[in-house]
Amino acid sequence: MSDRMQYVAVLGALAVATLALFFVSLTTGPADVGFGESIRALVSGDADLLTLVMREIRLPRALLGLMIGATLGLSGAVLQGYLRNPLAEPGLLGISASASLGAVVAIYTGISVAFPLGLPLAALAGAVLAVLLLRVMAGERGGTLTIILAGVAISAFAGAMTSLVLNLSPNPFAATEIVFWMLGSLTDRSMTHLWLSAPFMLAGWVMLAMLARPLDVLTLGSDAAASMGVDMRRVQFLAVFGTAASVGAATAIAGAIGFIGLVVPHVLRPLVGAVPSRLLPASALGGATVLLAADILVRLIAPGRDLKLGVLTAIVGAPFFLWLVWRTRRRML
Amino acid sequence: MFIARAIVAVSLIIAAGTLPAWATDGAPSRVVSMNVCTDQLAMLLAAEGQLHSVSHLAGDPGVSVLADEAGRYVVNHGLGEEIFLMQPDLVIAGTFTTRATIDMLRRLGFRVEEFAPEGTFEGVKANIRRMGELLGRQQRADELIAELDAGLAELASEPAPPLSVALYSANSYTSGDGSLSNAVIRAAGLQSIADRLGIVGVQRLPLEQLVLANPDLVVLGERTYDRPALAHENFRHPAFTAIASQDRLVRIPDRYWICGAPFTLEAARLLRDAANAHAEAAR
Amino acid sequence: MTLLSLSSLSAELGRKTVLRDVALTVNEGEFVGLIGPNGAGKSTLLRAVLGLTPSQGNIELGGHAAASMSAAQRARLTSYLPQEREIAWPVTVERLVGLGRAPHLPPFTRPGATDEAAVRDAMRRMDVEDFAARRATELSGGEKARVLIARALAQEAPLMLADEPTAGLDPAHQITLMRVFAGLAKEGRSVIACLHDLGLAARWCSRLVLLANGSIVADGPPRDVLTAARLRDVYGIQAYLGEDGGGLVVHPLDLAE
């Protein structure tokens, strides 16, 4: 099998898995309704209440799961390629935590009630600050360790500030919502959330997709890439704002969901011949698959408990991260 | 460490020397209540001068029916040190009051009586009766119980429209069997969605289950706050607003049914009135 | 035709002046060895030409001011082999060499027949065809170096700038590389290579440029540049200088007295 055929096969398999899980997600929920019945209610629109449930609760949840998963997988693949660092990921680098902080400020001060776009914009601003700070910390040839440590510091700071904002809120519920912002959930998100975040995610995806070839060339390092016609300032702009727009919007709606951006590109890299440009669509589909699966599992494992997505992704992702650290430790020191 | 131990030792000496004397007839004469529900029962039952202090929540009109009356008493914040200095001869607390504070007060030799929150009107009556005994005010307790029974009987005598009611609170929580609010729905003669779904106690009611249950009336169980939180986003969800249109929403002030007392009947009456109005409008 | 023309070029790294008023012209068909002790400014000179290091002065590539060129235009005129041999991901050798075609591909197109021919030719020249399908990260140091040179060759730019291309290669592959560069010059392309091995530089380069403390101290055919006096003054060494079959032989012997 030629390597192009293998690539197409991998994308095909991931697309099928994503689609299948999308439908499973649509038909999973606390209300016990059959598969056929719920899809019929969704499409035909004549089953009054069930149609309402399908169109206003299940559909936005499944669509957001798909898009947010794709965002996390894609941005993980881009960050790894851009920083040439196998440990890069929006969660570990503190980008998600900073976006959370932006979203939390917008929501709990009441800005987002008066001005709904303020929510994704504030999350985007938080994410941009985090990426720029990382870029400065990493410098031209930032080592793996420098970037990860900078990410740890950014995460800790953004987490503390988030907690502060929530604690200072006069609303007694705010303080308990730190869990949502740190671990993420898609429970009872609505179409309103989808309309608010989808344009930002799509815009981010377009920017990140434009990085496909530059990321391939960056395999040779930034100097070689620059000598090969890659405009590094443009690459930086696209990477920073593409990641910030998509991850910012995703986090504003679903909280910070970790490890998908780390694990998915890693698992898929060998399957696409390690080619960074090919890893982008594969990781987007892979991220969607994983997040949809996680969101189905939280509903099956603990129905009615609102188990957070980050709990599941961390159970898989954290040991994986440790394994990666163990494997790359020689290169890092 | 040494200082802490010294303070405890000194307090114990003071406590031993000044242990409050019981009033001659056996009823306590200096009562401190630490919970908004026991505060209100005590205010309803105590004799003049018997109740010394109530908790700060008793003065909050959002949660306390007797907020005005609470101004007549010294306010406490449920802190052990504060209660200790009041030297009460009876401390009344809720079972949700801080464990450590209650244990400490008991170690210091105070008599502490705890009241569990009521899940039924029978429970409310039992709590009133017990409070009456503790305060030596059995007769007043009997009067309150009679008032409560009369109210319940009156509600039961009028036919209620056959409507279903769902309680829906922040974070998608609802109260089912074993909760006072569910007992109020039953007392109002209405059908509780929580009973239909088999919900026991306080549980999450996923929005989609609420939508499919399609209640005739939805009671929003939480007071509003100045600043938003995600907990209240379920009230703005398009699926929720679709089934809980303005004519189906019922707002019952929290203060009427947070605590069990004769005034809890007011919550049932408001609910019955809303149901009657809804049935009328539907016709 | 003039491929590269520098005049009054200066560059600073931090506060230190690394290049001072450098003037240099390189024409088609030249294989220029850029020599000089450590810290003389050789790498900085290459990087300044590529726009990777900020500099003052005039740089012209193919007769046009480099400052007004886009990164892509520049990349079609010059290829670059950096000193660091970074290969971030385990892609196949063939794909890695193929990256050299990036400046020639319009966005969102796939390589065509010309590109494939250029890649095959570059791989053949560097003798890496045998491991075309292997992962580039799993190669030995020498193999990696050859693959990266093949990548630069595949770019088919008229001027190649190579920073210590022979480092880490065994003698046979060092000589192969020198032959490849000399062959490119014969075809009308030009190569500027920073070299530490004076023997290789003397034998294979058509012209040597000797840098010391950021200035060019000698520029010309190897015989004119590599004199005993210069080796003593600039490098602080004494060397054997001889002739063998029409070529200059230089071999460092000891530190200068």
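Because the model is predicted, local features need pLDDT of at least 70 and side-chain atom pairs count only at pLDDT 80 or more, whereas totals for chains, interfaces and linings use all residues.

**Stop 1: two helices of chain A**

Select residues 48-83 of chain A, helix H3, together with residues 232-254, helix H12. Helices here are DSSP runs of H or I with at least four residues, strands are runs of E with at least two, and both are numbered from the N terminus. The two pack at an angle of about 145 degrees, with their axes 10 Å apart. Axes are lines fitted to C-alpha atoms, for helices over the stretch in contact, and angles run from 0 to 180 degrees between N-to-C directions. The crossing of H3(A) and H12(A) is left-handed, a term for a near helix turned anticlockwise from the far one by less than a right angle, with clockwise giving right-handed.

Now show the side chains. H3(A) contributes residues including A:Leu64, A:Ile68 and A:Val78, and H12(A) contributes, among them, A:Gly242, A:Val247 and A:Ile253. Contact means that C-beta atoms, placed from the backbone, lie within 7 Å. The contact of H3(A) with H12(A) has 11 nonpolar, five polar and no charged residues. In this scheme Ala, Val, Leu, Ile, Met, Phe, Trp, Tyr, Cys and Pro are nonpolar, Asp, Glu, Lys and Arg are charged, and the others, Gly among them, are polar.

**Stop 2: the nonpolar cores**

Next, pick A:Val78, A:Ala127, C:Leu34, C:Ala150 and C:Val191, the residues with the most contacts inside the largest nonpolar core, which has 191 residues. A core is a set of buried Ala, Val, Leu, Ile, Met, Phe, Trp, Tyr and Cys residues joined through C-beta atoms within 7 Å. Buried means 20 or more other C-beta atoms within 10 Å of a residue's own, exposed means 12 or fewer, and partly exposed is in between, with C-beta atoms placed from the backbone. H3(A) gives the largest share of this core, 13 residues. Another core, of 82 residues, lies apart from it and includes B:Phe121 and B:Val218.

Zoom in on A:Ala127: beyond four places in sequence, its contacts include A:Ile95, A:Thr243 and A:Val247.

**Stop 3: where chain A meets chain B**

Show chains A and B together: the contact takes 27 residues from chain A and 23 residues from chain B. On the chain A side, H3(A) supplies the largest share, six residues. That side divides into 15 nonpolar, seven polar and five charged residues.

**Stop 4: inside chain B**

Chain B has 13 helices and 11 strands, and buried residues make up 42% of its 283 residues. Select helix H2 (36-45) and helix H6 (121-135) of chain B, whose axes come within 10 Å and cross at roughly 60 degrees. This crossing is right-handed, and B:Leu41, B:Ala42 and B:Leu45 are the residues of H2(B) in the contact.

Finally, centre on B:Pro262, in the loop between helix H12 (254-258) and helix H13 (264-282) of chain B. Is B:Pro262 buried or exposed? B:Pro262 counts as buried because it has 21 C-beta neighbours inside 10 Å. Its C-alpha atom is separated by 9.2 Å from that of B:Ala146, 116 residues apart along the chain.

Note on methods: Residues are numbered from 1 along each chain as its sequence is written. Chains are lettered from A and ligands numbered from 1 in the order in which they are written. Two residues are in contact if their C-beta atoms, placed from the backbone, lie within 7 Å.
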